[in-house]
Amino acid sequence: MRRVAVIGVGVTKFGRHERTSAELFAEAAADALADADIPASRVQALYYGNVVGGETEKQLHTGPQAASVLGIPTVPTTRFETACASSHAAFRHAVMEVGSGASDIVLVGGGERVLNVPTADSTEYFAYASDASWEQTLGLTFPGVFALVARAHMHKHGTTEEQMAAVAVKNHKHGVLNPKAQFRKEITLETVLTSPKVADPLKLYDCCPFTDGGAAVVLASEDVARRARRPIWVLASAAASDWMLIGDKRDLSRVPATERAAATAYRQAGIGPADIDVVELHDCFTIAEIVATEGLGLFEPGVGGPAAEKGWTSLGGKIPVNPSGGLKAKGHPIGATGAAQICEVVTQLRGDAGPRQVEGARRGLTHTLGGNTATVLVSLFGRD
Amino acid sequence: MTESTVTLGRFFEQVRDGALTAIRCEACGALAVPPKELCPECGARRWEPVPLSGEGTIASYTIIRVAPRGHADDAPYAIAAVRLREGVSLLGRVVDVPFDALAIGLPVRFRPIVIKDHPAIGFGPA
């Protein structure tokens, strides 16, 4: 495989928009191309993430639609769907297209629009990523899935609701520093602990919001990247899957797909968790961040909760996690999330993150989870 | 598909009749929840149906308070992952157990229920 680099990034403001997911992606993609200083005519393929377009916008075939709205209608394009990990899965395949030598410049990204429908509808559409026969019929929701994980983690490790709340407080604090974040307001432990229950033990402020937004990155081969302004190298991009049914997991306190994807990524890059300076991971729920920090090897099993409480994952802590504000505060436009995480880590490794900069960051990790923990992507990045 | 494979449709027809049916790999003996074409343990393609006792303990649980549109009338309701005595796990609605009595390790027993005209898995007191 040839070396591959990210040479351009672009993200829309996250929150409520009156534009389609294709328009949101196109804005981010045009920004990414401008950042890379690459004319659109040189893009050889588009790998696109979009999840619930069929439901919220009555729109399938979103790959060509996104390419047309961007203004590159003739490039080969494919839409990827792995629930919330869609644009990270798209990224991994794009890395392989460039790494294999098939293309030199490829655009990757995603767009999602959900705030145009009522919450009860979006809750139902997101639940389509769980099994129709075994899980949707019972009325299982995504907060419900992670509530099962939370309860098991609390039982096994003594993790507390206060420790989970500390994740939300930390990510909101980071979000204040990110002009693109959906929520830019600090909250207290009290805010989280007294918010309405959604799926016990998870409360409203343990959950990330519904979000509209788009994100894009420009990938390039080493030859092209060498002439770019500040290439950030892709050190690894790995995927892992697991049983579709949450009930089939042997130990609900763990996410084995995270552990497997991380092991593969670390092996590809020849580095380990101790070499990572900054992490953007999938905090769709506060417990998901705690379990991910353990699965990625940043902390031993059971230490993720205390680590959040002690500030080890805050900016300025041992290993800053989600300096962007994470899904919790930055927002979670599901089809765009994986690409947006990559944009943040690239921005951090370039030293361009302003008040939320992790000082001296040289290596970064992104982690994106899809569905009932059945899909996980982990990618590693480094600067020269 | 071999003739002895339990399809999804047949599994839920049997749930309606009050029975839980797993499948056992004829090659390695692994027990699985249907439908499966190949054994995840050994790759064989020969299954036999095996009745399950329906007895198990709660591995984890939650109370859904914000429900999808189609289930809003039922909320709040409890959902649990139940580890059955035979070793496989199933997700189900917990019925006739007060929310504050729910606990990991609590013994429960399968009970067929109907949700929106579909047979579904329920668990009641053991």
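In the predicted model, A:Tyr48 stands opposite A:Gly109 in strand β4 of chain A. Strands β2(A) and β4(A) pair in the parallel sense over four bridges, where pairing requires that DSSP find at least two bridges between two strands. Helices (H or I, at least four residues) and strands (E, at least two) are DSSP runs, numbered from the N terminus. Residues are numbered from 1 along each chain as its sequence is written, while chains are lettered from A and ligands numbered from 1 in the order in which they are written. The model being predicted, local features need pLDDT of at least 70 and side-chain atom pairs count only at pLDDT 80 or more, whereas totals for chains, interfaces and linings use all residues.

Strand β2 (residues 46-49) of chain A is also joined to β3(A), by four bridges, and these two strands run parallel. Within this pairing A:Leu46 stands opposite A:Thr77, and A:Gly49 stands opposite A:Phe80. In a regular strand the side chains alternate between the two faces of the sheet. In β2(A), A:Leu46 and A:Tyr48 point one way and A:Tyr47 and A:Gly49 the other way, and all are buried. A residue is termed buried if 20 or more other C-beta atoms lie within 10 Å of its own, exposed if 12 or fewer do, and partly exposed in between, with C-beta atoms placed from the backbone.

These strands belong to an open sheet of nine strands in chain A, with mixed pairing and the order β3-β2-β4-β7-β1-β8-β11-β10-β9. Its edge strands, each pairing on one side only, are β3 (77-80) and β9 (278-280) of chain A. From one strand to the next, the twist averages 25°. Helix α14 (residues 337-350) of chain A packs on the sheet and touches several of its strands, among them β1 (4-11), β7 (213-221) and β8 (232-241) of chain A; the direction of α14(A) makes about 170° with that of β10(A). Angles run from 0 to 180 degrees between N-to-C directions, and axes are lines fitted to C-alpha atoms, for helices over the stretch in contact.

Elsewhere in chain A, the axes of helix α7 (residues 161-175) and helix α11 (residues 286-295) come within 8 Å and cross at roughly 95°. From α7(A), A:Gln163, A:Met164, A:Ala165, A:Val167 and A:Ala168 meet A:Thr286, A:Ile287, A:Glu289 and A:Ile290 of α11(A). Contact here denotes two residues whose C-beta atoms, placed from the backbone, lie within 7 Å. By class, the contact of α7(A) with α11(A) has six nonpolar, two polar and one charged residues. Ala, Val, Leu, Ile, Met, Phe, Trp, Tyr, Cys and Pro count as nonpolar, Asp, Glu, Lys and Arg as charged, and the others, Gly among them, as polar.

Helix α10 (residues 256-269) of chain A contains A:Thr264. This residue counts as partly exposed because it has 16 C-beta neighbours inside 10 Å. Leaving aside neighbours within four places in sequence, A:Thr264 is in contact with A:Ala238 and A:Ala240.

The contact between the chains takes 29 residues from chain A and 28 residues from chain B. On the side of chain A that touches chain B, the elements giving two or more residues are α5 (119-127), α6 (142-157) and β5 (197-200) of chain A. The largest share, seven residues, comes from α6(A). The residues of this side divide into 14 nonpolar, eight polar and seven charged. Two bridges join β5(A) to strand β4 (residues 55-64) of chain B, and the two strands run antiparallel; A:Asp200 stands opposite B:Ile63.

Helix α6(A) is mostly covered, with 14 of its 16 residues buried. At 1.5 Å a residue, the 16 residues of α6(A) should span 22 Å, which agrees with the 22 Å between its end C-alpha atoms; the expected span is 1.5 Å times one less than the number of residues. Just after α6(A), A:Gly158 takes a positive phi of about 75°.

Chain B has one helix and eight strands, in the sequence pattern α-β-β-β-β-β-β-β-β. The C-alpha trace of chain B spans about 45 × 30 × 25 Å along its principal axes. Of the 126 residues of chain B, 33% count as buried.
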